[in-house]
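The following paragraphs lead through one protein model, from its overall layout to individual residues. Please keep the sequence and the coordinates at hand while reading.

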Amino acid sequence: MSSCSEDLLTRDIQCYCGRTAVLKTSWTNNNPGRRFRTCSTRNERGGGNACQFFTWVDPPICARAGVIIPGLLRKLRKRDEEIAGLKKRSQIMGVLLFFVTVMLLLLVMG
Ligand SMILES: [Zn+2]
């Protein structure tokens, strides 16, 4: 079985300026994880001298997934921030532990 979307995925598609359109993944709230093809010279902001070629590869995100995925991404980002905070805290604890150990050694030896 072949679908339109598989065809867009595997076939070499040329953009308006004759380059092979590159496959990218959207991470916007409206289209999380939805793949599209666009001009290879187009930068993240969509500016530059790129042509305006753009075509979706994946079908539209269903309403439910469109609600769930951004929520999951937000949770993931929050978790990453928590991990970064914990790492920082454990570094500080490590430094404190070192000083306490040094103080104790000085007390014992002094
Ligand atoms: Zn182009």
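A residue is called buried here if 20 or more other C-beta atoms lie within 10 Å of its own, exposed if 12 or fewer do, and partly exposed in between. The model to which this criterion is applied is a predicted one. Of the 110 residues of the protein, 6% count as buried.

The criterion may be applied to helix H2, which comprises residues 63-109. Among the 47 residues of H2 the number buried is zero, so this helix lies largely in the open. UniProt, in an unreviewed entry, places the feature "transmembrane region" at residues 92-109. In the model this span is 100% helix and 0% strand, and its end C-alpha atoms lie 26 Å apart.

The wider layout can now be described. The protein has two helices and three strands, and from the N terminus on its elements run α-β-β-β-α.

The three strands form an open sheet in the order S1-S2-S3, with antiparallel pairing. Strands S1 (22-25) and S3 (54-56) stand at the edges; each has a single partner strand, so one side of each is left without a neighbour in the sheet. On average, neighbouring strands of this sheet are turned by 30 degrees against each other, direction ignored. Strand S2 comprises residues 35-38 and pairs with S1 over four bridges, in the antiparallel sense. The pairing of S2 with S3 is also antiparallel and runs over three bridges.

Which residue of S2 is the bridge partner of Lys24? That partner is Phe36, and Phe36 also stands opposite Trp56 in S3. Lys24 itself lies in strand S1. Leaving aside neighbours within four places in sequence, Lys24 is in contact with Arg35, Phe36 and Thr38. Lys24 counts as partly exposed because it has 16 C-beta neighbours inside 10 Å. Between the C-alpha atoms of Lys24 and Ser40 there are 9.8 Å in space, while the two residues are 16 residues apart in sequence.

Thr10 belongs to helix H1, which covers residues 4-10. Is Thr10 buried or exposed? With 10 other C-beta atoms within 10 Å, Thr10 is exposed. Thr10 and Val57 are 47 residues apart in sequence, yet their C-alpha atoms are 10.0 Å apart in space.

Asp12 is found in the loop between H1 and S1. This residue counts as exposed, because it has 6 C-beta neighbours inside 10 Å. The C-alpha atoms of Asp12 and Val22 are separated by 9.1 Å, and the two residues are 10 residues apart along the chain.

Technical notes:
Residues numbered from 1 in each chain as written. Predicted model: local features only at pLDDT ≥ 70, side-chain atom pairs only at ≥ 80, totals over all residues. UniProt positions renumbered as here; feature names shortened; annotations may be inferred. Pairing = 2+ DSSP bridges. Axes fitted to C-alpha atoms, helices over the stretch in contact; angles between N-to-C directions. Contact = placed C-beta atoms within 7 Å. Expected span 1.5 Å × (residues − 1).
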